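Biologist: I would like to learn how to read this model feature by feature. Where do we begin?

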Amino acid sequence: MNRETDPAAQPVPELAMLTPKELLDRLVLEEDRAPIELIDACAAHGDAMVAALQDVIDGESGWNDDVPGEWWLLLHAALILGRIPSVSAGLLLVHLMRSMDEHGDDNLQDWVAGAWPGLFANKPQDAIDAARALAKDASCDWYIRCQALDVVLDAGLREGGQALEDGIDWAAALARDESDEWLFRISAACTLLGFPRERIRLLLETMAREEQRRQTEDGYGFVGMFTVDDVESAFARGEDAPDWRRRDNPWKFYDPAAIAARQQRWREEDERADFADMDWDTPAPYVRATPKVGRNDPCPCGSGRKYKRCCLARDEAIFRNSLGRA
């Protein structure tokens, strides 16, 4: 990917005059450097843009990652649909979630993780019901189902009162369902830590103990979601504090500072790759002690987390220091 040419620095045409296809072509060109004005111009087309994005999501080019800009277009699609307050936009968001799962695109899921409640905040009940159906669909992977569960709980939180209590009881019933896979159940229970209610305290404590048992006795290979101490802390806090509130504005992705930070990150990653490939005239070929770790691989430290969620930041800091940077 050539990141040296920044289309965002070039003269921007009158966006309001562009068709949906022309706007999407511009997004492909700009990759992850698109300004928020371009996103808003896309959203202004409403259901015409929804139809155009349907073709993008149902196509193959973005999912095959043949053209980087077309892969980024799938991420833009989620954030554009989040700006459009229609049933069709909400239903297409759920379709996009299912497509991420079907294509096994973990990277795209990670970019949007935690942002889904914000993307559905302006959506009517039909869209929330579609997210509810996804959360219950055991044929899908546990991770995307939990993102859909967040959407349903956030809708209840925004409505408040009995709607929230019903949402909590619904999520608790999913966590209790022993016919479902453990990763989904323990993740649903972890989400419920954000909604401490005495009626589910025993459930959370019991599942925390079972998670610990699976790790210590069965050699369960996934990092513990939460402990009994976490349950106690949640109830001591005594207020609703869902984790997704940290991403209450998904469109921060388009802040100029965020764009600049990403470009710096890409440059450093490219430098790191070049650094690793350099010929240092060593007496013998360098043999890596362990296989190269991908961002989505298990961390070699043994924590059970993905590398990017564990030691990657530390390793990148070590690399920057090796180049004489703070």
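Modeller: Begin with the core. This is a predicted model. Its largest nonpolar core has 91 residues. Trp116 and Phe120 have the most contacts inside that core.

Biologist: Which helix gives the largest share of this core?

Modeller: Helix α10, residues 142–159, gives the largest share, with eleven residues.

Biologist: Step back to the whole protein. How many helices and strands does the protein have?

Modeller: The count is 16 helices and zero strands. Of the 326 residues, 44% count as buried. The accessible surface comes to about 16500 Å². Carbon and sulfur atoms account for 51% of that surface.

Biologist: What share of the contacts joins residues at least 24 apart in sequence?

Modeller: Take the contacts between residues at least 6 apart in sequence. Among these, 69% join residues at least 24 apart.

Biologist: Now helix packing. How do I read a pair?

Modeller: Two packed helices are described by the angle between their axes and the distance between the axes. Take α3, residues 47–58, and α6, residues 87–103. Their axes come within 10 Å and cross at roughly 10 degrees. Angles under 35 degrees count as roughly parallel, so α3 is roughly parallel to α6.

Biologist: Which residues of α3 and α6 meet?

Modeller: From α3 come Asp47, Val50, Leu53, Gln54, Ile57 and Asp58. From α6 come Ser88, Ala89, Leu92, His95, Leu96 and Ser99. By class, the contact of α3 with α6 has six nonpolar, four polar and two charged residues.

Biologist: Is Glu31 buried or exposed?

Modeller: Glu31 has a relative accessible area of 10%. Buried means under 20%, so Glu31 is buried.

Biologist: What is the distance in space between Glu31 and Leu75?

Modeller: Their C-alpha atoms are 9.8 Å apart. In sequence, Leu75 and Glu31 are 44 residues apart. Leu75 is found in helix α5, residues 68–81. With a relative accessible area of 3%, Leu75 is buried. Leaving aside residues up to four places away in sequence, Leu75 touches Leu108, Trp111, Val112 and Phe253.

Biologist: One more case: where is Gln125?

Modeller: Gln125 is found in helix α9, residues 125–136. Its relative accessible area is 45%, and Gln125 is partly exposed. The C-alpha atoms of Gln125 and Ala155 are separated by 8.8 Å. Along the chain, these two are 30 residues apart.

Technical notes: Residues are numbered from 1 along each chain as its sequence is written. This is a predicted model: local features need pLDDT of at least 70, side-chain atom pairs count only at pLDDT 80 or more; totals for chains, interfaces and linings use all residues. Side-chain values use heavy atoms; hydrogens and water are left out. Axes are lines fitted to C-alpha atoms, for helices over the stretch in contact, and angles run from 0 to 180 degrees between N-to-C directions. Helices (H or I, at least four residues) and strands (E, at least two) are DSSP runs, numbered from the N terminus. Angles under 35 degrees count as roughly parallel, over 145 as roughly antiparallel, 65 to 115 as roughly perpendicular and the rest as oblique. Contact means heavy atoms within 4.5 Å. Ala, Val, Leu, Ile, Met, Phe, Trp, Tyr, Cys and Pro count as nonpolar, Asp, Glu, Lys and Arg as charged, and the others, Gly among them, as polar. A nonpolar core is a set of buried Ala, Val, Leu, Ile, Met, Phe, Trp, Tyr and Cys residues joined through side-chain atoms within 4.5 Å. Buried means under 20% relative accessible area, exposed over 50%, partly exposed in between (1.4 Å probe, protein chains only). Accessible areas come from the Shrake-Rupley method with a 1.4 Å probe; for residues, only the protein chains shown count as cover.
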